[in-house]
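Please look over the sequence and the structure first.

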Amino acid sequence: MIGLTRIGFYTFLRCVIGGRRHSADCPVRGFLARIAALIVVTAPLAAGPAQAGEEFIDFEEFTGPRKLAAVEPPLTIGNASFTGGQIVTNVARLRKVDRSTVYGTAHFCSGCQSTITIEFSQPVSNVSFMLMNGRLARPWFEIRDDTGQTVEFRLGSYFGQGSSKLITLPSSGIKKIVIGQTDSVTAFWWQFYIDNLRYTVDEGQQYLVNFSAFVPHDNVPAAPTAFCLSKDNWQPPGLRRSGRSPTGKARWARDDDFAPGNGRPSFRFGGGGPDADNELKGNRRKLYFAGDSRGFHPAAPTYRVRQLVTVIPDETLDADGVADDSVRNLAGEARAYAEDAMTDGIIDLADEDGIADDCSLFHKAHLAETDLMDVVVTRTGPKSVSIRFSGTLDSPLAGPAQVLGAIDWEFTLTLDSSVEPGRWTLSGAHDGFPAYEIYINGTPVYHHDPGAPPYEFARDVRKLLPPLDIAVATTSGDLP
Amino acid sequence: MRTLGAGPRGKLWTAMAAAAVGLVIAANGANATPPAGKGKPAVAATLARLLEEISLAAPADRGGAADAFVTAALGAEMDAVIDAALPVLDDYRDEQRYYALVGLGAAGLASMENGEELSEIAFVLVSGLADGEATVRAAAAATLAAIQPAPPEWAADPLIELLGDPNPRVASAAMRALERMPANDAGFDAAYSAIDGDNSANRSRAARLLGAYGAQGADIKPAWVLAAGLDDPDAAVRWQTATALGDMGGAAIVAVRGLRAVSRDKAEEPAVRRAAATAVNSILD
């Protein structure tokens, strides 16, 4: 123990999981090697009987150039396949953290992508790996897996502290991991490396079930009675936003071509009527909410609501059928924008002025309450479980009566592995808006599309009001 | 919102809903402008019939009947919806009381004029807060929240009583109605009490309420109380606290230091850091 304290935790990790290449840094390598062996031997036992075995990839069987040059074809090692980068050895910028062979990508590497993708031929769990930054800057990173789990963090400069991090992904049933930067300069500069990938191959008895509701388009109009009050008079009809002042505020210019009904959103509050002009002269602005701007995908990073649970149908592996601490109820942040954000017909980064409650561009953020969401797993047989996803998520789209206009859903999904192949059965009901999706280990089980945008309150958003609009007829299929 | 006594709609009732909406539009005009005289009773009668159908329909058809009524109410004028819903608010059937309130709330959402007219029956809505059925209580609170420009201040006390309701949806709806009211002492007291509680959802709601009330005045006490919440163990509460401080604008100047610390804390959740940074901008704007 004294020895471990003296050499430091990260040195210990390098010595234990880094193999022979770190032997010079390991003052008690014989002892550590024994500990490493002990960890490798005992890990499958400690991880539970649902896991077949642990695999470890350190790229040491390869030797590459010292500097990234050109992308390589997908590299397959064991169950894992790496794409987007190249094998390199003894990289100068990693001399403080890892002088061995690693897999990396950089903006100067011909054909390399800004992300490294790891795909597994079989679902895996207990994934961990070392991520190292090769840039002078301190970029933000995001790691996503196909189960919906996202890890976001920042690494230090390559020559300073904190340039590497041991990443662990708590999800099970992972088949794909995407590693990339999230800062705005990602499109131009990136350089990062991975090493020491460790994971456990699932035998298949664990199933990660993922339910999400999301808004496919970039914006949704709120109820007519949801508005903000501008602190200053805004533009009359016939003006449009033409740019931004140095302080980030919108600038306005005359545009005779602009008129409500010409394809751009109307400025008229409340859809017209005798009082509309008076209201326009006032300071009342309609609110729009940012959507998730995505299609159906199990690992999509944005959602209005998401529920996750890992179930184990085999009673001999897990008595209650639900993996410990695997239930998660998540609500996405809803961001409201004043009407002037829609002058170009889209809500995007240009509308993020970073100032709340000013009734201009970004106006307000909203985080729904998750205490009315439930995931209940019930064992229905020696090799079958039933999962009930249900919830009601207050939606700011409904304006002042958002509790009436909540996103509501209730699904019952049964997984039965007593037959070969195993079967799933789904039934339930939900509101007609927004989109809904359910996956088992990343394989789609149910999709509901709310229809083509642009969305309107009277046609689309009103479906959040009672009752539930869509009955999901009982469907079934083979377990993935 | 969780439905009561009605499943999803069927095809037959979708067609009925369309017919009902057509009738309402025919009576009200295409842009829902005020009807000329005799259209109102017809609309009210149609709405009343649709509301009654929810209970009369076979269980499999109730969803469609409910959807037909809510759709019609959404396109109707408030006085017609009131005429149809008011007699039903003390009905013995839970689903009738519930959907009567939902219809009122839906109409209140549809236009400012409807929301303002809703204030005329605020006393009836407040009596619904004491209903024996939790779903009806939640609907009553949500419909109160739809009153424009704000729910009456005298409704604060019964709403505050609901904050302790065993059904969290009722408490949530009550808090939403409270935060739309002018700042009042009873609301402040309730928020100060809840923000020190054990329930993280209630702490989050209290932070939101304090932000809404604090934004209405120059009192800095809410800012001091909220600033302490930046250390809450629950990330959702910290997010709500930072956002509420931003809502308060200049009145939360005392919290800028704490917010800046949160926005720079590398160990903090990214969403909370972003909320804190936005709050600093909003306070100093």
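Are B:Asp67 and A:Arg462 buried or exposed? Both B:Asp67 and A:Arg462 are buried, where buried means under 20% relative accessible area, exposed over 50%, and partly exposed in between (1.4 Å probe, protein chains only).

## Basis of the values

The model is predicted: local features need pLDDT of at least 70, side-chain atom pairs count only at pLDDT 80 or more, and totals for chains, interfaces and linings use all residues. Residues are numbered from 1 along each chain as its sequence is written, chains are lettered from A and ligands numbered from 1 in the order in which they are written, and side-chain values use heavy atoms, with hydrogens and water left out.

## Chain A overall

Chain A holds 4 helices and 28 strands; helices (H or I, at least four residues) and strands (E, at least two) are DSSP runs, numbered from the N terminus. Of the 480 residues in chain A, 56% are buried. Among contacts (heavy atoms within 4.5 Å) between residues of chain A at least 6 apart in sequence, 70% join residues at least 24 apart.

The accessible surface of chain A is about 19,700 Å², and carbon and sulfur atoms account for 54% of it. Accessible areas come from the Shrake-Rupley method with a 1.4 Å probe; for residues, only the protein chains shown count as cover.

## The interface of chains A and B

Chain A brings 52 residues to the contact and chain B brings 54 residues. The area buried between chain A and chain B is about 4,200 Å², with 57% from carbon and sulfur atoms; buried area is the accessible area (1.4 Å probe) that two parts lose on being put together, summed over both.

Across this interface there are 13 residue pairs in polar contact, both residues at pLDDT 80 or more. The side of chain A that touches chain B draws at least two residues from each of β21 (362-367), β23 (384-393), β24 (407-416) and β28 (470-478) of chain A. The largest share, 5 residues, comes from β21(A). A polar contact is a pair of N or O atoms within 3.5 Å; within protein, one must be able to donate a hydrogen and the other to accept it, and residues adjacent in sequence count only if both atoms are side-chain atoms.

## Salt bridges

The whole structure has 25 salt bridges over all chains, and 6 salt bridges cross the interface of chain A and chain B. A salt bridge is a side-chain nitrogen of Lys or Arg within 4 Å of a carboxyl oxygen of Asp or Glu. One joins B:Asp247 to A:Lys364 at 3.0 Å, N to O. Another pairs B:Asp67 with A:Arg462, the closest N and O atoms being 3.8 Å apart. This pair runs from helix α3 (residues 62-74) of chain B to the loop between β27 (443-448) and β28 of chain A. Shared partners join A:Glu369, A:Asp371, A:Asp394, B:Arg176 and B:Arg205 into one network of salt bridges.

Within chain A, the side chains of A:Asp292 and A:Arg304 meet in a salt bridge at 2.7 Å, N to O. A:Asp292 is buried at 8% relative accessibility, and A:Arg304 is buried with a relative accessible area of 12%.

## Two buried sites

A:Thr310 lies in strand β18 (residues 305-311) of chain A and is buried, with a relative accessible area of 5%. Residues that A:Thr310 touches include A:Ser172, A:Gln206 and A:Tyr207.

In helix α4 (residues 78-85) of chain B, 6 of the 8 residues are buried, so this helix is largely enclosed by the rest of the structure. Among them are B:Met78, B:Val81 and B:Ile82.

Technical notes. Lists of a residue's contacts leave out its neighbours within four places in sequence.
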